[in-house]
Every structure is written in C-alpha cells, then in structure tokens.
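Here are a few notes to read alongside the structure. Take the points one by one and find each piece in the viewer as you go.

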Amino acid sequence: MSMSDVFAAVAELVEEVTDVPVDEIEAASRFESLDNWTSLAALQLLTAVEERFGVRLDLRAYFATTRVGDLVSMIAEDAHAR
Amino acid sequence: MIDEGRPGDAGKHILARIRRARMPDAAPDPTLLDALAELTGAAALATAGRLLARVPAERIVAARPRLRPLRVAVSGTFTAENVPPLLRVQLLRAGIAPEIHVTGFDQLAVQLSDPDSALARFRPDLTLCLLHDRSFLPPAWDPTALQGVREVLGDRLAALDRAVAGFAERTSSIVLLHTVPLSATEHRKVIGYEGKALLGRIWRELNCGLLELAESRPLVHTLDLETILVDHPAPVRDDRLYRFAAMAWSPAVELRYAEEAAKFARAVVGLARKVLVLDLDNTLWGGVLGDDGPTGIQVGGQYPGNCYTELQRSAAALRQQGVLLAVCSKNDQSVVDDVLAHHPELTLRADDFVAQAVNWGRKDHNVREIARGLNIGVDSIVFADDSRFECDLIRQQLPEVEVVHLAGDPAGHVPALLEAGRFDVLTTTATDRERTRMYRARSERHRFAASFASAADYLSGLGLRVAVRPANDFSLPRLVQLGRRTNQFNLIGAAHSEARTRAMATSPDHLVLGFEVADRFGEEGIVGAVWVAKHPDHWLIENFVMSCRVFSRGVEQAVLSAIVDGAAGAGVPTLGAVYRPGERNRPAGEFLDGAGFVRADEAGHLVRYDLPLLPAPSAPVLLPDWIVLEGKGDHVHV
C-alpha cells in the first residue's frame, strides 16, 4: 500500500469520525482544527485506524501527532516494521 | 494487512446515504435500513449510529413493518460512549426505533438512586447497566486476603441490588444487568494457583449473585455476558483505552454487547419469532429423501449425520419452550410420514410439528398457508432451508419472514439458526411447553394433504377461482408432467405419455383438460389435468390428477362439475371413471365416492366407476359455492 493510498484511507476514516468531508482533509490538516475533534473522536479514529490497517499504535506517539500526514507516516512505519 | 471491518465501497456508499438522509428536507430512503446489514466492523457501525441519531427512523424504512418505539437508557460504571451509536444501529436493524439517553461516566449508582435524576426523568422503558470488574473490585485489593475481597464484592453487589430494585420499582423500567468478566490483568495479580482458583470462585459468586437478581427482582434481567464472550475472539479490554479514557471494553466487545442488548430489546417489545418452518432434505437430515430413500438419508451416528441430529435437538428445545415447528418440504407426504414415524435416528417426530406442508408447490404459498392455518402473521415466522432458490423466493415474496439460509458445512447450521436470538423471549412459562399440543389440536385440518375435508367458512373467504381449459401446446407438457409427478391424487397411479396426451388433445373423440386455481392471495397456475375419452353413450375419465398443494379446497369437485356439464350438454347419459387403487392414491378414490360415483365393474386391478347423468343427476351438487368456475361453457364444450 503506497503512502497516498494510506492517506486516502486515513482521510476517509477521519471523515467518518468527525463528519468533515474527505476532500477538505489534507496531509497538513491539524487534528485540533477539525470540526467535532474531541478526545473521544481521537480514540475512535485510533481504533478505526487499527482495525483498518491491522496495526497497533503506541498511544503516547499517537497523541503526539498533530497533523493527518504525521499519522499516515506512523501507520506506514508500524506496518513496515511488522 | 488486515482488511476486516473496513467499510469498503458498499460501506462508504451507505454512510453517504445516511448523510443525505440527515438533511432536513431529505427524501425518504426506504431501503437504507436493510442496507445497514452490509456495514461491518465496530468503527463503521459506530459512525453510522452517530449519523443516524439525527435521522428520523421513518425516513429509512419501508412503511411496513412499522418500527417499534422504545426508550432506552445507557448507564455505566465506565466510559461507554461508543455503545449508544452501535446500539442504535442494532436496534434499528432489530425493528426498533429507539430514543436513547446516555448518562455520563461512572454515573450509574447516582442516576439509579436519585429519584429525580436525569435517568429517572427520561422514563426509560429499558435501562442498560454497563458494569466492569473495577466497579466491584477495590483499586488495591489484597491478593493475600481474598476473604476480604469476597466481602467487598458482596457489599457492592448488595448496594447495586438496592439501587436497581428501587429504580425499577419507581420507574417500572426493565433493567438489564450483565455478568462481568474479570480482566486477565487483575486475575494475573494472584500468583498462587490455589489463590487463582479461589479468586475465580469468588468472582463467580459475584456473577451468580448478578444472575440471581434476575430471579428475585421482577423487572430485572441479567445478560450472561461472561458466557457470551467465551467464543469472542477479541480481548475484553484494551488496556490503553482503559487507562487513558476508562473505556473498559474493546471496540469489538462494545459491538458484541450492542448486538446482545438489541436482541434483548427485541424480546422486550415482543418481536420474538414464534414459528420455525423447516425444510427437510439437507436441513433436518442430510441427503434427499426422494433420491436416497428412507435408509439413505444422513441423520444420527457420526459426522455429518450428528450435525443434523443436533439441529433436530435444537428445534426440539425450541418447541419445548413454546416455538411452533412446521415442515415445508418438496416431498411426497407418505414417504415423509413413513420416515417421521419409523426412522430410528430421528429426534423430531410428526407430533412435534403443528403443520406439515409437504408437497411440490411453491414454498411461499406453503409458508403463507402455514401462517393462515395457525392464525399467526408471517412476521412471526423464521424459515430455514438449505436452498438458495427457496430462501430468495421467501425473501422476495414474504419479506416479513426471517430467512435462515443453511448453507455449507452442516456443523454450522445450529449456530446459524440460533445465534441471532430470533426466538428469544423474556421468560417462558408452562403454557409455552404445551403450546405445540394446543395448536395441533386446533389445526389438525391444516396438516397438509393429510385431510381432504374442506372447511367451507374458511374457504369461502379465499375467493377461489378455478379455470378449466383444454390442453394447448403451451400447457400440454405441464399436464404430462403433472401426471408423472402426482401420486396421491392420481386415479390410476400412472401417467399418460406425452405422445398419447398429444394424440388425445387433437382427437375429436377425446378431451385433455388442464385446470388452474387462483385465490385472493395469488395464482397457483396449472394444478391438475383430466384425460377423457368421449364415447357416444358415455364419457370415460381415463385419469384425473391434481397437485396436492391445492387439496382440500373443493377444486376437484369444481373441475368435475365442468366435465359433468360438458357431458350432460352433449346428451351423454353416463360419466365413467377408471380407478386403480394403490398404496398412495386413496385420496383420488375417496373423491369419486364423495362425488356420487358408484362402483360399476372391476377388472383385475382396475375399478370402473359410473356417475349417471340422465335423468338429472342424483349426485350431490358438485360445484362448491365458494368456488367460481371461470368460462366453463366455452371450454369444456369442445
């Protein structure tokens, strides 16, 4: 799966969780500036990402990500490490 | 990479449809609710549930069946914010339009106890109490003093009991508790195996106490979640989510709980199914009775026969608890009767069933007939069959029926039948155990093709129409086929060949008639045929066959009346018929007796019956008054 595929899939999940339309989500989008972004939404995104990609992320690292693109890199690294 | 749970294209499409339905002036999308079945995975379902919270339920379902309203409260000892959206989806799919109220984190005890709490003011019909191990277990429990732990658990259970009982009494809400799994993390804190065993026992005492509340408190029920999670593949708890957000259940367990709670809600509103309609071949036993014979079917013994035995045992267990069993099978009744009476390995016998639709007719008609005979709605029926064709037919024609397609390995059939909890009710009673017997007494006449008496009051409501028509190129093959396939209503127990039938159909001295039946529920199509030789001084019925799926409605009398009219109109003094008594065609012989024919002659195996037509027939009036004979003059009079 290429980085852009991962990004597309993550953007869809972000849309699912926050209800922000997928075409408004960019790699540079900051999670905190998304509508409906709450800590619950963050956990929902976490579990959705883990379900979708079969990865398991370190919660500390996950919460340290600020932009959608950071999360995409993190997923790719975790998947690669497996 | 695991792709499970990914919404996928279908899922994305469904979520988009939900978003559209959420617009204030959105058009109805009546198939959206059914489409939710394509969504898998906790994440996508939770999203759907959140989006659906702002969609009026009537916008996403067909007008019928109507969704049942239910006020559902969710209150827990831990963070369970994902449960309500999952619950909403499962409830909608279960036929319930919920109004859901959620209390905040760890609010359970307060909300239950305070008579003026937001929970009490919500006036729930159903209150779901979500519990986790640490709501009973103290934070720093002492693994060397388990007796003390036992006492704490007992005290906290008693406190919960008081709060729940008071709440139920004040609000009349049904309360659903559940047994609580002990998380592995806590269990592993004890290192001695004796201690582990004792902790396990103490924990089970707590769960037994929770289960006991269901017995001692009228409105309180306890879901045995610990047992439900035995075959659940995911961990109960994700420790990251628990430590970070006090979420005590992993997403998969949240989903599982939502499914189970929705099943319970269905029992609460009375949506449990009451009748299980079972196919026979490759469902109740392995193999095809007609092909493999009574000794060749698979049931009992080892795999795969034991799978079918287990299905029969499961059906028997349902019957004991008040579910009515019926058979719907394409088979010959006499062969089925024989197997049900004499096959040594069967668990289910004839008197376990309240109705048997064993014939070659359309199964949707049979299922409808079963419902009518039992005087229940088709929405009470679960239909289980191994044939995709039959399952699709029922889904299309009778969408209210719940269809269980028993495909693949027979070891999976029992789980497929039971796991959705389609028959689950809050309690069963002594009446339930007697129900099969009561219905059998009431509906004896609906044992299909076993009784040929007609119930005039019932039949007159059917609007039966019978059309008798001479064979043509289109109908002729079907008439020949009917002759071959009909055993019970077949005067000579044999069939006219296609060549012979064709010759008769085109001969001026013969008559080949087919007849069709329709009623207010639909058309049966061609259901029988008659072969007649026209002699100057008599007409002779060489054979008269009729499908058993239209037995007991007076159809045969109506057809005979058309032939009598034709013969009498031609000035023929006598109508004769040939009957060859056999093991299985007694119904056909009884028909001749009942219609006023008298035995005139016997030659070998054949009996000749005669019905005098002139002077005016002394026979009973043949055409039943609940049947309209269509276009009789035009056709028979050929």
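1. Helices (H or I, at least four residues) and strands (E, at least two) are DSSP runs, numbered from the N terminus. Keep in mind that this is a predicted model, where local features need pLDDT of at least 70, side-chain atom pairs count only at pLDDT 80 or more, and totals for chains, interfaces and linings use all residues. Residues are numbered from 1 along each chain as its sequence is written, while chains are lettered from A and ligands numbered from 1 in the order in which they are written.

2. Now look at strand S6 (residues 275-278) of chain B, which runs parallel to strand S7 (residues 324-329) of chain B, with four bridges joining the two. In this part of chain B, B:Leu276 stands opposite B:Leu325 of S7(B).

3. Next, the two chains. Where they meet, chain B brings 19 residues and chain A brings 16 residues (residues are in contact if their C-beta atoms, placed from the backbone, lie within 7 Å). Which helix gives the most to the side of chain B that touches chain A? That is H3(B), with five residues.

Note on methods
Contact = placed C-beta atoms within 7 Å. Pairing = 2+ DSSP bridges.
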